[in-house]
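Student: I'd like a close look at one part of this model: the pairing of oppositely charged side chains. Please walk me through the partners and how accessible they are.

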Amino acid sequence: MELHEAFVGKNLHDISVPAAVADRAVVRRNCLQMLQACDALDVDFRPHVKTHKTIEVARLQVGEPWRHTVKVVVSTLAEAEHLFPFLLECQDHGKSVNVLYGLPIPPSTVRRLAEFGKRFLSGSVSVLVDHCEQLQHLKLFNEITGYPLCVFIKVDTGYHRAGVTPSSAEFLNLVTRILDGGKNSMNIEFGGLYSHAGHSYGGSSASQAMDLLIEEIESLRKASEIVKNLHTKIALTLSVGATPTATSVQNLMELSDGPQAPGVKQSDALKDCIRQAKANHDQVELHAGVYPFLDMQQLATQASPSASQPSTGPGLSFGDIAFTILTEVASLYSERDQPEALIAAGSFALGREPCKSYSGWGIVSNWGFDSTIPTGRSGWQVGRISQEHGILTHESSKHGDTPELCVGQKVRIFPNHACVAGAAFDYYLVVDSNLPEKRRDEILEVWVRCRGW
């Protein structure tokens, strides 16, 4: 209530900085496009909440109230606990709820996860495992909740961050132990196989992203066959994705028809993979996290079509980024070799992750400038950065085309990585670009993020 009274009704130009700003219209559009694409492909979708960490965006991601099944991924237990009222509301309204703790589970977190799970029905909580020694710690969940914990094997399909390879002896041992665990005191259930194509961030087209998605599904489908050699009647969920690979399926809708969009053969190959999985009594599920907000890293992948400007071509545009950092010009340095400016936002507000498409740490949008540049960029970028200082530099050598700045001017910056930039803030100030122009900078809501682990 205090945040609502402090901000709602005010204008972004009057706010102390730095601040995190979310465009509600763009978030809604991005979430809806993802759900529509999964429906068209007849696959399930499990959104990751780690980027935004809010109840409000989670509602948009799962598509409530018209979805019967509510499945989410969390990267921290704090995220699960923050979503607790929303998830309990879903369960009370007859929806099936499942929360997946999205990294191979640290043993010390099992008790806290079980305390969270006590209020939910059986089958509501899942975890990832990728080593046999993790399993012995899971029986505590059943002792506290009274129902078995659902287990997914984290499969390494090329990213090499976490997971076990299907061809390894460890994978076979893990499968055997999980199947046996459902029959003995561990009381666990085998839910499926899970992979994350983090290496898809290195791509630069929808076609590349879809190739990786097909590889992911094929890898998990073959891993599922190994499982079924030991238990022929088991039905598994094959959960695949990352924002580039998962959102690449949006190109299969009528929205996208550009030269770098997936072709008919690639589309047919994807659909054939899914059909084969279903024929083997498995369900394909996509997961993704940063897609409601997007950022400079995602624009660089060009994996999905633009929801904001479909007529401009198949690739993402600045109009598809829902998340910006609001900051202010604190000083000007016109005497330097090239004009520069100081902003009141450094690595603690913007993060310090690079983007392959340019050398800076954020792109200054054309918001607030007297500019008709259609791309949404002003010509300024965050060229250098330290903890609380950001130095704005020109994006290119065409300095005459870059608008001048003044001390006290508010600017909005597209961050390289929304997950990292958002972590610095307790809440988002929410605006809506679908409103009449004179109201587009009005703060309409405040979305509170969870913090910690």
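Tutor: Happy to! A residue is called buried under 20% relative accessible area, exposed over 50%, and partly exposed in between (1.4 Å probe, protein chains only). The model is predicted, so local features need pLDDT of at least 70 and side-chain atom pairs count only at pLDDT 80 or more, while totals for chains, interfaces and linings use all residues. Residues are numbered from 1 along each chain as its sequence is written, and side-chain values use heavy atoms, with hydrogens and water left out.

Searching the whole structure gives 19 salt bridges (a side-chain nitrogen of Lys or Arg within 4 Å of a carboxyl oxygen of Asp or Glu).

Let's begin with Lys-118 and Glu-115, whose side chains form a salt bridge with an N to O distance of 3.1 Å. Lys-118 is partly exposed, at 43% relative accessibility. Glu-115 also falls in the partly exposed class, at 40%.

Next come Arg-221 and Glu-225, which pair at 3.3 Å, N to O. These two sit four residues apart in helix H9 (residues 206-230), so about one helical turn separates Arg-221 from Glu-225. Helices here are DSSP runs (H or I, at least four residues), numbered from the N terminus. Arg-221 is buried, with a relative accessibility of 10%.

Glu-340 and Arg-336 make another salt bridge, at 2.7 Å, N to O.

His-160 is exposed because its relative accessible area is 63%. His-160 belongs to the loop between strand E6 (149-154) and helix H8 (169-181), where strands are DSSP runs (E, at least two residues). Its phi is positive, near 65 degrees, in a residue other than glycine. His-281 is likewise exposed, with 60% relative accessible area. The loop between helix H11 (264-279) and strand E9 (283-288) holds His-281, and although His-281 is not a glycine, its phi is positive, at about 65 degrees.
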